[in-house]
Amino acid sequence: MNVLERKVFVVDDELSVRKSLSRLLKAAGFHVETFASASDFLKHGVEPSVSCLVLDMQMPELNGLELQAALGETDRCLPIIFITGHGDIPTSVRAMKAGATDFLAKPFHEKDLLDAIERAHQRSRQELREKAEADEVRLRLATLTSREHEVLLQVLTGQLNKQIAGTLGASEKTIKVHRGRVMHKMQVQSVADLVRLCEKAGIRVS
Amino acid sequence: MIDVPGSPLSFWQQHLTLAVLTGGVFLLQSGLIIALVVQNRRRRWAEREARQRREELSHMTRVATMGELTASLAHEINQPLAAILSNAQAAQRLLALEEKDWGEIGEILADIAADDLRAGEVIRRMRTLLRKGESYPTVLDMNDLVAEVLGLVRGEMILHNISLSLELSSDPLLTHGDRIQLQQVLLNLVVNALDAMKETSGRSRKLIVRTQAAGRSGEVSVQDSGAGVPADKLEYVFEPFFTTKPHGLGLGLSICRSIIQAHGGHIGCRNDPNRGAIFWFTLPSGEDLKE
């Protein structure tokens, strides 16, 4: 695991909290970057990497929940751990529903924070892997012709060549050729593999 | 005339009427004095009773105001506590290393001490306001008063996304008064201002606190960016049991008024034509207080 794979961003308006967290996380072996406000963090931007965000809930201007919403719009594989000086239940429920991995009330023990970061990094890693796979599938899908794409959608619904030929108004032999090309371009051996692959790219079979 | 030698008229025989009269006057006077003393005692007792009641009532509203600020106070104390804990645990990790960075460890300890003092200060201010007891008038600077009160609501302002603008007089604004009671007045005005803004959405939320010398008095004013006080209610806001809050008792401002009046000052409110309401109070101030 290299240094870049243990990255933590800290956003908190309070200097003393930022400083202390930065020291603790650096001492624990993480690569840490701190930001004094949500907008500073948004301006800085994040490259896709295994990372997580330790985010203060209550900040002037843009607060933690608003930053979470803003980040949600840009898919960045950046799990969020909320920290709060005063956590009420409705706020924590909103944060968790919006996808936060953990919610810690200040003051928190380092073990709780480090465990939460561990979980967040695992999730980040998995989301990155899924995203890479989905991107790969989309690349393969992009090589299909429009006819092949139509055939693919029919195959996904589990129809036989004969039925597809009927639906698309082509001969069964032509469909068979198209189907072979689809399987080849998508680099799969079976219809089951094809379905699994397409699901990763977000194509759902009704 | 028979003159019996050796038996002159006795004192009583000679002065009976006068003696009785004198005694009567003496008794009457004593009775009057006793009556006056008793009446005076009763009045003082009643005054003390009334003052105690007033103090209990103002203590009660202070406690209620602080109750509204629990989230803010928790936030203000938990921030330094969080920093202290993380710093201490970072230091433990640094101490476990082969090569110890003593410079960094020294900085950590200094930060821990500073954060500890900060948390202690919040608790001290809180305790001062929650304390129940006799009042002690002292000479104080109204600008300090503003700083002390704003320290208690800082968290509340962050929680509700309210910005602060301070326009303080450059010179100290001295007055003679009870610190706790005057803090209570200002805290009450500030909390009201914050409440007025929590209900507004869309427009920016800004609290403006000003202090300035005005002749022989000093003025403190608190302006919010809320909806303002309805024009027909302006003259009633300081009356007891007047409230616009669903859970308010309506005592806060009437107690503020009696505190300010007891200090020889004035209190009032007006709407800003542009934005929000302005609540202000003045207190006697001047050079002669500096001794």
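Helices, taken as H or I runs of at least four residues, and strands, taken as E runs of at least two, are DSSP runs numbered from the N terminus. Read in these terms along the sequence, chain B of this predicted model follows the pattern α-α-α-β-α-β-β-α-β-β-α-β-β, which amounts to six helices and seven strands. The radius of gyration of chain B is 31 Å, well over the 19 Å that the globule rule gives for 291 residues, and chain B is therefore more spread out than a compact globule. The extent of its C-alpha trace along the principal axes is about 130 × 60 × 40 Å. Of the 291 residues in chain B, 32% count as buried, and among the contacts of chain B between residues at least 6 apart in sequence, 77% join residues at least 24 apart.

From the N terminus on, its elements run β-α-β-α-β-α-β-α-β-α-α-α-α-α, with nine helices and five strands in the chain. For its 206 residues the globule rule gives 17 Å, whereas the radius of gyration of chain A is 23 Å, well over that value, so chain A too is more spread out than a compact globule. Its C-alpha trace spans about 75 × 35 × 30 Å along the principal axes. The buried share of the 206 residues is 33%, and residues 24 or more positions apart account for 62% of the contacts in chain A that have a separation of 6 or more.

Chain A is also divided into two domains, with domain 1 covering 3-134 and domain 2 covering 143-200. The C-alpha centres of these two domains of chain A lie 43 Å apart.

The peptide bond from A:Lys106 to A:Pro107 is cis, with omega near -5°. Most residues other than glycine have a negative phi, and most peptide bonds are trans.

A:Gln187 lies in the loop between α8 (172-185) and α9 (191-200) of chain A, and it counts as exposed because it has 12 C-beta neighbours inside 10 Å, where the cut-off for exposed is 12 or fewer. In chain B, phi of B:Asn161 is likewise near 55°, again a positive value in a residue other than glycine. B:Asn161 is found in the loop between α4 (142-159) and β2 (163-167) of chain B, and because 17 other C-beta atoms lie within 10 Å, B:Asn161 is partly exposed.

Helix α9 of chain A includes A:Val191. A:Val191 is partly exposed, with 13 other C-beta atoms within 10 Å. Although A:Val191 and A:Leu156 are 35 residues apart in sequence, their C-alpha atoms are 7.4 Å apart in space.

The remaining topic is the contact between the chains, which takes 24 residues from chain B and 20 residues from chain A. On the side of chain B that touches chain A, the helices α2 (70-96), α3 (102-130) and α4 of chain B each supply at least two residues, and the largest share, 16 residues, comes from α2(B). By class, this side of chain B has twelve nonpolar, nine polar and three charged residues.

Conventions
Residues are numbered from 1 along each chain as its sequence is written. Chains are lettered from A and ligands numbered from 1 in the order in which they are written. This is a predicted model: local features need pLDDT of at least 70, side-chain atom pairs count only at pLDDT 80 or more; totals for chains, interfaces and linings use all residues. Domain bounds come from an automatic or database domain assignment. A residue is buried if 20 or more other C-beta atoms lie within 10 Å of its own, exposed if 12 or fewer, and partly exposed in between; C-beta atoms are placed from the backbone. Two residues are in contact if their C-beta atoms, placed from the backbone, lie within 7 Å. Ala, Val, Leu, Ile, Met, Phe, Trp, Tyr, Cys and Pro count as nonpolar, Asp, Glu, Lys and Arg as charged, and the others, Gly among them, as polar. The radius of gyration is taken over C-alpha atoms; the globule rule is 2.2 Å times the number of residues to the power 0.38.
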